[in-house]
Amino acid sequence: QHNTIRARRLMRTEVIPQSQQLLIRFKQWATIVDWILEVVHVFELPDESVFLAMTFFHQSICNQPRLLPRRFQFMVGGCLRVAALCTKEAIAPVDIAYSADNSFDHSSVNSAEDEILDCLNSRLYIPTILDFCQAFLDCLDHVSDKT
């Protein structure tokens, strides 16, 4: 029954229409993902924080279609901080700013956090591919236990 409840919760997520999505070039996505992976590795954050940060970033750019590319890393830094906190880890805004070669200051990370939370309407549970894979594996495990 737990697996059924979890699957229903995963399926209730809102889908953003394609027309509202901001088109980001592949190279920009690659740069963002590369930077997130580097920060997660250096500060030994859980892998889940990568998926959450990218999901938060995607949601925030969909809700802010006029977000300028020069603000992407600043926003991703805020997304990464929120994601780390969601996984019960912590990364200081100073460390995020330092990881971005101090292209913004640590107080900017705090304001990015506020923007992201406003964009997400403070709804921090957004299922990622990890959640769907875990639900699938749980279902497989449940089926194998019955046989």
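Helices here are DSSP runs of at least four residues, numbered from the N terminus. The model is predicted.

**Confidence**

The chain has an average pLDDT of 78. A score of at least 70 is reached by 79% of the residues. Confidence is lowest in helix α1 (residues 2-11), with a mean of 52. It is highest in helix α4 (residues 72-86), with a mean of 88. Residues 13-22 have a pLDDT below 50. Beyond near neighbours in sequence, that stretch makes 12 contacts in the model. Where pLDDT is low, the predicted coordinates should not be read in detail.

**Two loop residues with positive phi**

Most residues other than glycine have a negative phi. E44 is not a glycine, yet its phi is positive, at about 50°. E44 sits in the loop between α2 (26-42) and α3 (48-63). K88 lies in the loop that runs between α4 and α5 (93-99).

Are these residues buried or exposed? E44 is exposed, because its relative accessible area of 68% is over the 50% cut-off. K88 is exposed as well, because its relative accessibility of 76% is over 50%.

**A nonpolar patch**

Which residues make the nonpolar surface patch? F51, I129, L130 and F132 do, and the patch covers about 320 Å². Helix α7 (residues 129-146) gives the largest share, 3 residues. L130 is part of helix α7. L130 counts as partly exposed because its relative accessibility, 33%, falls between 20% and 50%.

**Cysteines**

How many disulfides are there? The count is 0, with a disulfide taken as a pair of cysteine sulfur atoms within 2.5 Å. C86 is partly exposed, with a relative accessibility of 32%. C133 is partly exposed too, at 39%. Both values fall between the 20% and 50% cut-offs, so neither cysteine counts as buried or as exposed.

**Accessibility at a glance**

| Residue | Relative accessibility | Class |
|---|---|---|
| C86 | 32% | partly exposed |
| L130 | 33% | partly exposed |
| C133 | 39% | partly exposed |
| E44 | 68% | exposed |
| K88 | 76% | exposed |

Technical notes
Residues are numbered from 1 along each chain as its sequence is written. This is a predicted model: local features need pLDDT of at least 70, side-chain atom pairs count only at pLDDT 80 or more; totals for chains, interfaces and linings use all residues. Side-chain values use heavy atoms; hydrogens and water are left out. Patches are made of residues with over 30% relative accessible area and no salt bridge: like charges are joined within 9 Å, nonpolar side chains (Val, Leu, Ile, Met, Phe, Trp, Tyr) within 5 Å. Accessible areas come from the Shrake-Rupley method with a 1.4 Å probe; for residues, only the protein chains shown count as cover. A salt bridge is a side-chain nitrogen of Lys or Arg within 4 Å of a carboxyl oxygen of Asp or Glu. Buried means under 20% relative accessible area, exposed over 50%, partly exposed in between (1.4 Å probe, protein chains only). pLDDT is the predictor's confidence in each residue, from 0 to 100. Contact means heavy atoms within 4.5 Å.
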